[in-house]
Amino acid sequence: MKLAVLASIIGSAAAFAPASLSSGAKSLTALNEKSPALPFLPYPENCKGYVGDVGFDPFRFSDFAPVDFLREAELKHGRICMLAWTGFVAVDMGAKIYPFPEAYEGLTSVTAHDALVQQGAMGQLFLWISLTEVISSVAVIQMLEGSGRKPGDFGLDPIGFLKGKSEEEIAEMELKEITHCRLAMFAFSGVVTQAVLTQGPFPYV
């Protein structure tokens, strides 16, 4: 009888014991792992495995938003900024479209915005960009539903940079792209700020 009571007590106590020491150890390890980019913050676990991951997520967006969606947004904004920096600087270095409208004469990249808003050209630009966003959102939704599409992949490789490349070589190209995307976002913010402050031509000093 005493053995039965003892067994029941042990069994009851076991219900309050940790389910697995190994899982607890793994959780502790995850908490102790620090971000390489921000060593004073814990490593964002959901970012692991993505090309270009350096553990930079100080606001922990990856805890409540799909990382595929975040990477899609990062690539999109980075690609836009690479084009935007090039276009912004090209205009101030004298690049023009032909035939060149008289209304654009004397405009710089900074002054062009307000002038084109008044003329209605920015409204057209907004319309076409909105249409592109709606169309591209279909691919993003399918990706989030498990289509297998990689973030930012629209199958656009007209020059064939990835043709015949190994997985390692493709990963290296993806790393180069995301690195340049991140740099371009800083670069475009910087070039616009400098252009507005100096009101001068390139290199805005």
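**Entry 1: the whole chain**

How many helices and how many strands does the secondary structure of the protein come to? I counted 6 helices and 0 strands. Both are DSSP runs numbered from the N terminus, helices being H or I with at least four residues and strands being E with at least two. Read along the sequence, the pattern is α-α-α-α-α-α.

I noted that this is a predicted model, in which local features need pLDDT of at least 70 and side-chain atom pairs count only at pLDDT 80 or more, while totals for chains, interfaces and linings use all residues. Residues are numbered from 1 along each chain as its sequence is written, and side-chain values use heavy atoms, with hydrogens and water left out.

I looked up burial next: of the 205 residues, 18% count as buried. Buried means under 20% relative accessible area, exposed means over 50%, and partly exposed lies in between (1.4 Å probe, protein chains only). The protein exposes about 14,900 Å², and carbon and sulfur atoms supply 69% of it. Such areas come from the Shrake-Rupley method with a 1.4 Å probe.

I then turned to contacts, defined as heavy atoms within 4.5 Å. Among those with a separation of 6 or more, residues 24 or more positions apart account for 47%.

**Entry 2: helix α6**

I compared the length of α6 with expectation. Its 32 residues should span 46 Å at 1.5 Å a residue, and its end C-alpha atoms are 46 Å apart, which agrees. The expected span is 1.5 Å times one less than the number of residues.

Which residues of α6 are buried? I found Ile170, Ile178, Cys181, Ala184, Val191 and Ala195. Their cover includes α3 (67-92) and α4 (109-119). Just after α6, Gln199 takes a positive phi of about 55 degrees.

**Entry 3: the nonpolar core**

I looked up the largest nonpolar core, which has 5 residues in all: Phe88, Val89, Val191, Ala195 and Tyr204. α3 and α6 each supply at least two residues of this core. A nonpolar core is a set of buried Ala, Val, Leu, Ile, Met, Phe, Trp, Tyr and Cys residues joined through side-chain atoms within 4.5 Å.

Beyond its neighbours within four places in sequence, Phe88 is in contact with Ser109, Val110, Phe188, Val191, Val192, Ala195 and Tyr204.

**Entry 4: aromatic rings**

I recorded 6 aromatic pairs in the structure. One of them joins Phe202 and Tyr204 edge-to-face, at 5.7 Å centre to centre and 90 degrees between the planes. Rings of Phe, Tyr and Trp (its six-membered ring) pair if their centres lie within 6.5 Å; planes under 30 degrees apart count as stacked, over 60 as edge-to-face and the rest as tilted.

Is Tyr204 buried or exposed? Tyr204 counts as buried because its relative accessibility is 2%, whereas Phe202, at 33%, counts as partly exposed. Phe88, Phe188, Phe202 and Tyr204 form one aromatic cluster.

Pro203 is found in the segment after α6 (167-198). Pro203 is partly exposed, with a relative accessible area of 48%. Its C-alpha atom is separated by 9.0 Å from that of Met93, 110 residues apart along the chain.

I found the charged end of Lys96 over the ring of Phe100, 4.9 Å from its centre. The charged end of Arg149 sits over the ring of Phe154, 4.6 Å from its centre. The criterion is NZ of Lys or CZ of Arg within 6 Å of the ring centre and within 35 degrees of the ring normal.

Ser136, in helix α5 (residues 121-144), is buried at 13% relative accessible area. Leaving aside neighbours within four places in sequence, Ser136 is in contact with Lys76 and Phe154.
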